Amino acid sequence: MKAVTVLMYHAIVDGEMEGADSHYSVLPATFARQLQLIRSHGRRICSVHQLLYEGLPASGEPWPVCLTFDDGHLTNAPAAETIACEEGRAEFFVNPSMVGKPGFLDWPALREMAAMGMAIQSHGMNHRYLDQLSPAEVRAELADSKAAIEDAIGSPVTVYAPAGGRMPENFLSLAGSLGYHAVCSSRVGVWRALDGLPLSPSAIAPLSGASHPGNVADSPNGIGGNHNSVSNSAAMANGPALELPRLAMLRGTSEARFLAWITQQPLEMLKQQTRYRVLRLSKQLLGNGGHEKLRALLLRSPRTEPGKTD
């Protein structure tokens, strides 16, 4: 069976902007060009959420490329509009503790993006490395962020992206027990575990309670939809969440490399997987702090906010 490329973006910005890591920021013109390339190469732009619950395209239809965005940067709102203009959807992973802070999207903007068909999903309650937390803290990051986003958006939160790709032991099992169906990691590769899609609608249970923002009367911008929401008590108990590898989009990602990723050229994929293994070994040997210092030195830039990593 064919595989699906899942791309990981952060900010879409021209120049410096609060909350944006320049190494991970893609220029708006470059981003628009990349969307055009996806379409012109016979593929369609979609979200992970879309594939999980709607399934793969029928024979002869354009093959999907999934777009994901970490951190909830302010520039993700115009990026969502650009995606919608290309008849696409995408995942936007946010930290509730950062929503509305300088440089980051607020809840009304995120609700507008959800109304466009974008999936607003969890990046943790806070932007913290999960492998540095206690088991109770890891559980709280997953459960509390899920509840906060569902309460604010009125849509299901079933996909998680760990900050920096850091995952403690047995993380996928924990995520599955809390109602997450997929984890978008930083492991390099393509999504091959496509058997069994779409997931059964019974995996998503409705929220109860008249005060939920999914009710139009109580929603600040009149966006309804709580009939699709997932409660923490309605977690899917059918095993661990799926781990979905991603490819990180950088400011320096060339058009040739981008095309190699969306068309899954074997040599290019091998290069990226080798690079990932080297970086992972660096993190294991140096620790998170040591790895970030080395990264900053190599990039000749100030140390980045915790959670930003190659």
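The chain exposes about 13400 Å², of which carbon and sulfur atoms supply 53%, the areas coming from the Shrake-Rupley method with a 1.4 Å probe and, for residues, only the protein chains shown counting as cover. This is a predicted model, in which local features need pLDDT of at least 70 and side-chain atom pairs count only at pLDDT 80 or more, while totals for chains, interfaces and linings use all residues. Residues are numbered from 1 along each chain as its sequence is written, and side-chain values use heavy atoms, with hydrogens and water left out.

Of the 310 residues, 53% count as buried; buried means under 20% relative accessible area, exposed over 50%, and partly exposed in between (1.4 Å probe, protein chains only). Nonpolar cores, which are sets of buried Ala, Val, Leu, Ile, Met, Phe, Trp, Tyr and Cys residues joined through side-chain atoms within 4.5 Å, include a largest one of 52 residues, where Leu 7 and Phe 31 are among those with the most contacts inside it. A second, separate core of 19 residues includes Leu 52 and Phe 93.

Two helix residues are set out here, helices being DSSP runs (H or I, at least four residues), numbered from the N terminus.

| Residue | Helix | Relative accessibility |
|---|---|---|
| Leu 286 | H8 (residues 266-299) | 44% |
| Glu 150 | H5 (residues 135-153) | 2% |

Leu 286 counts as partly exposed because its relative accessibility is 44%, whereas Glu 150, at 2%, counts as buried.
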